[in-house]
Amino acid sequence: MLKTTLITAATVATLALGAVSANAGTTLSGAELRNAISGKTVFLKISGFELPIQYSSRGTMKGSMGLVAAAMSRGDGSKDRGKWWVDGDQLCQKWNVWMNSETYCYKLSNSGSNVRWVRNDGRTGTARIGG
């Protein structure tokens, strides 16, 4: 029973990634990357919290921190909006306020039920993609 439950959970997680390839460690690029996040919410795992970022199909995004995460932030505010685009094999984004309104680009790769990201400044982390 437990094995069936785990297999079902893994299958659902894989399907939730939509366009993400089933091969672990596969780097997403171009249309595959765009399809993986466009119209979806990416739950970025940072500092013990999940930060939901909604990526619209029009190239805009919005994020909202929970109250505890916002209180622990550097005073950047609990909500922000910005723009996103795909440049080759990278997801690029620029927030209006967060991250000093600087542009950062990320390489994403499938890693089981999560997506691993590597930012162009070398920072790394994980996220999950929801509907």
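I will go through the aromatic pairs, the charges over rings and the salt bridges of this predicted model.

Before the details, please keep in mind that local features here need pLDDT of at least 70 and side-chain atom pairs count only at pLDDT 80 or more, while totals for chains, interfaces and linings use all residues. Residues are numbered from 1 along each chain as its sequence is written, and side-chain values use heavy atoms, with hydrogens and water left out.

Let me start with the aromatic rings. A search of the whole structure finds 3 aromatic pairs, where rings of Phe, Tyr and Trp (its six-membered ring) pair if their centres lie within 6.5 Å, and where planes under 30 degrees apart count as stacked, over 60 as edge-to-face and the rest as tilted. One of them is formed by Trp95 and Trp98, which are tilted, at 4.7 Å centre to centre and with 55° between the planes. Trp95 and Trp98 are both buried, a word I use for under 20% relative accessible area, with exposed meaning over 50% and partly exposed in between (1.4 Å probe, protein chains only).

Another pair, Tyr106 with Trp117, is edge-to-face, with 5.6 Å between the centres and 80° between the planes. Tyr106 sits in strand β6 (residues 103-111) and Trp117 in strand β7 (residues 114-119), so that the pair links distant parts of the chain, 11 residues apart; strands (E, at least two residues) are DSSP runs, numbered from the N terminus. Tyr106 counts as buried because its relative accessibility is 9%, and Trp117 is buried as well, at 7%.

Arg119, finally, lies over the face of Tyr104, at 4.3 Å from the ring centre, and its side chain meets that of Asp121 in a salt bridge of 2.7 Å, N to O. Arg119 is buried, at 9% relative accessible area, whereas Asp121 is partly exposed, at 43%.

Technical notes
Helices (H or I, at least four residues) and strands (E, at least two) are DSSP runs, numbered from the N terminus. A charge sits over a ring if NZ of Lys or CZ of Arg is within 6 Å of the ring centre and within 35 degrees of the ring normal. A salt bridge is a side-chain nitrogen of Lys or Arg within 4 Å of a carboxyl oxygen of Asp or Glu.
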